[in-house]
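Trainee: I would like to learn how to read a model of a complex, one feature at a time. Where do we begin?

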Amino acid sequence: MDRLRGAPKVAWYDGLMPPLVTDLRYLLPWQFSPTVFVTSVVIVTLYLRGLLALRRNADPVGFWRAFTFLLGVALNYAVLQTYVDYLSQHMFWIHRFQHLILHHVGPVLVVLAAPERVLRAGLPPGVVRRVRIPAWIRRPIQLLFRFLQHPVIAPTLFVGLIFFWLTPSIHFTAMIDTRRYLLMNWSMLADGLLFWWLMLAPRQAQGSAAIGYGWRLVILSLVAIPQLLLGAYITLHSSPLYDVYAICGRAFAISPLDDQQIGGLLTWIPAAMMSLVGIITVLHHILHDPEATAARRRGGFTPPVQAAGGARSGATA
Amino acid sequence: MTGFLSGVIRRRRPIAALAAAGALLLSSLLAGCAGNDPHYTLKNIKGLVSPLEFRLTNQDGQAVTAADYRHDLVLLYFGYTQCPDECPTTLTTLANALRTLGPQASQVRVLFVTVDPRRDTTEVLKRYVGNFGPEFVGLRPDQGELTDLSKRYRIAYHYEAPDKYGNYEVDHSSAVFIFDGDGRARLLALSDNNARQVASDLRRLLAGS
């Protein structure tokens, strides 16, 4: 990390800041986003309030569940609002790492923790009773949500966004234009939450958006393939695909092809591993889902797995 | 597949219409300024990069702002005077482009912002940019100003470890940002663009197209 400190030891501006402050600088946002800050504070506050409320009701949330949720939120915050954000703008592989968190790891952690119940418990009671969202706001949002959660649209969008932002000409404009950069990161995070919620949340929690566990296994396997191909293409390409990092400067010294290959590998392997994590989670749901047999009767495509452990229905909620 | 899709559309007409409108809006937004204008050889960055704005110290030690260069075409480049290859090459290309322009060159300013203000004092800058022509201006930021500029123009620089004599190299952006007389970002000259290409695009910008 010494290289990143950005100055030779004798720089004229050195010594103006004590070392501790220089180090804390890496935890501060490169470009402060009030939206990210306020959203994170509100969500974490609600969640912590919810944890306390549930504990008071003798219905405590397990440590690891709470830890998973807070870790997911913290990772998303860290890649958006610390020095990682600067590095992501000026190093292809760190940009790929940032999107691995925003689009895969962060949302998966948040969804696995099933935080809806805790967040609801954290709302001030008055808000729950008094606030009624009018139909003209609620309807379009519901329509949009149903569209985005369509079993064909959702995986298409999930893979499509990765390809879209990695198209070299579009990648260039996203890296040079602050507004597009923000749009890119928000779209990845929002889509990550939507997709992984659709894939990983227990069916009972999903209401009308739910799709059968069998279909989820198919979708999770299918979305891995284009990610594998794209990752391999980037990794094995023999010339730099993304010139913006040479044009605008890299955050530290690394050869353009090394940068591209590490970035390609991050697109290739961990992204596909997340499909595997998803598949294991869905298999877990199948084994513990009390409705599995009922769903098979409704005609949903579900592999013939014994709906064993139905008595532990609450385990996955 | 088409049968399935039309089924989706029939069943969810409002959703499909919404999606189509959204897709159209997004693609037009993104296509609007992206890509290369057939007019220009250099990369078109109209609407993508922040307008010209800064408050720096010039080679004569005077405080200057972007407003001082209104009505001129401004070529903004980040480098440092001890740069072994890239900066002299780029600045020479720009100087040759300006010679090609002839008298029109008086409407162009090349702003050379040093990313190494420790070694590049105003006197060093003055001597250095003087080598390239009267249109060249050396600008010296302090550390805070340099950080602000790097955020505004989304550029990076970093200092290599010094050798035993204390000499060090600085890695920095290679692009030349070109702004029109109103301070709007228009073009990006890259290291593979030659003087003829730069000159002909500058001429088009000066003609007000």
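Predicted model: local features only at pLDDT ≥ 70, side-chain atom pairs only at ≥ 80, totals over all residues.

Trainee: Which residues make the contact between H9(A) and H10(A)?

Mentor: From H9(A) they are Phe164(A), Trp165(A) and Leu166(A); from H10(A) they are Ile170(A), His171(A) and Ala174(A).

Trainee: Which residues of H10(A) are buried, and what covers them?

Mentor: H10(A) spans residues 168–176, and its buried residues are His171(A), Phe172(A), Thr173(A), Ala174(A), Met175(A) and Ile176(A). The cover over them includes H4, H9 (153–166), H11 and H14 (244–248) of chain A.

Trainee: How should I read the length of a helix, taking H3(A) as the case?

Mentor: Compare its span with the one expected at 1.5 Å a residue. H3(A), residues 63–81, has 19 residues and reaches 26 Å from first C-alpha to last, close to the expected 27 Å. Its buried residues are Phe69(A), Gly72(A), Val73(A), Asn76(A), Tyr77(A), Val79(A) and Leu80(A). They pack against H2 (34–56), H4 (83–89), H5 (92–112) and H11 (178–200) of chain A.

Trainee: How many helices and strands does chain A have?

Mentor: Chain A has 16 helices and zero strands. Of its 317 residues, 35% are buried. Among contacts in chain A with a separation of 6 or more, 78% are between residues 24 or more positions apart.

Trainee: Why does Glu116(A) count as partly exposed?

Mentor: The step needs the cut-offs: buried takes 20 or more C-beta neighbours within 10 Å, and exposed takes 12 or fewer. Glu116(A) has 14 inside 10 Å, so it counts as partly exposed. Glu116(A) lies in helix H6(A), residues 116–122. Ala205(A) is 89 residues from Glu116(A) in sequence, but their C-alpha atoms are 8.8 Å apart.

Trainee: What about chain B: which residues of H6(B) are buried?

Mentor: They are Val198(B), Ala199(B), Asp201(B), Leu202(B) and Leu205(B). Their cover includes S4 (73–79), H3 (86–101), S5 and S10 (185–189) of chain B. H6(B) itself, residues 195–206, has twelve residues and reaches 16 Å, close to the 16 Å expected. Just after H6(B), Gly208(B) takes a positive phi of about 80°.

Trainee: Which residues have the most contacts inside the largest nonpolar core?

Mentor: That core has 116 residues, and those with the most contacts inside it are Leu75(B), Leu76(B), Val110(B), Leu111(B), Phe112(B), Val176(B) and Phe177(B). Leaving aside neighbours within four places in sequence, Leu111(B) is in contact with Val74(B), Leu75(B), Leu76(B), Val137(B) and Leu139(B).

Trainee: Which elements of chain B have the lowest and the highest mean pLDDT?

Mentor: Helix H1(B), residues 2–11, has the lowest at 43, and strand S5(B), residues 108–114, has the highest at 97. Over residues 1–12 of chain B the pLDDT is below 50, and this stretch has two contacts in the model beyond near neighbours in sequence. For chain B the mean pLDDT is 86, with 81% of residues at 70 or more. For the complex, the predictor gives an ipTM of 0.81 and a pTM of 0.83.

Terms used. Residues numbered from 1 in each chain as written. Chains lettered and ligands numbered in written order. Helix = DSSP H or I, 4+ residues; strand = E, 2+ residues; numbered from the N terminus. Expected span 1.5 Å × (residues − 1). Contact = placed C-beta atoms within 7 Å. Core = buried A, V, L, I, M, F, W, Y, C linked by C-beta atoms within 7 Å. pLDDT = per-residue confidence, 0-100.
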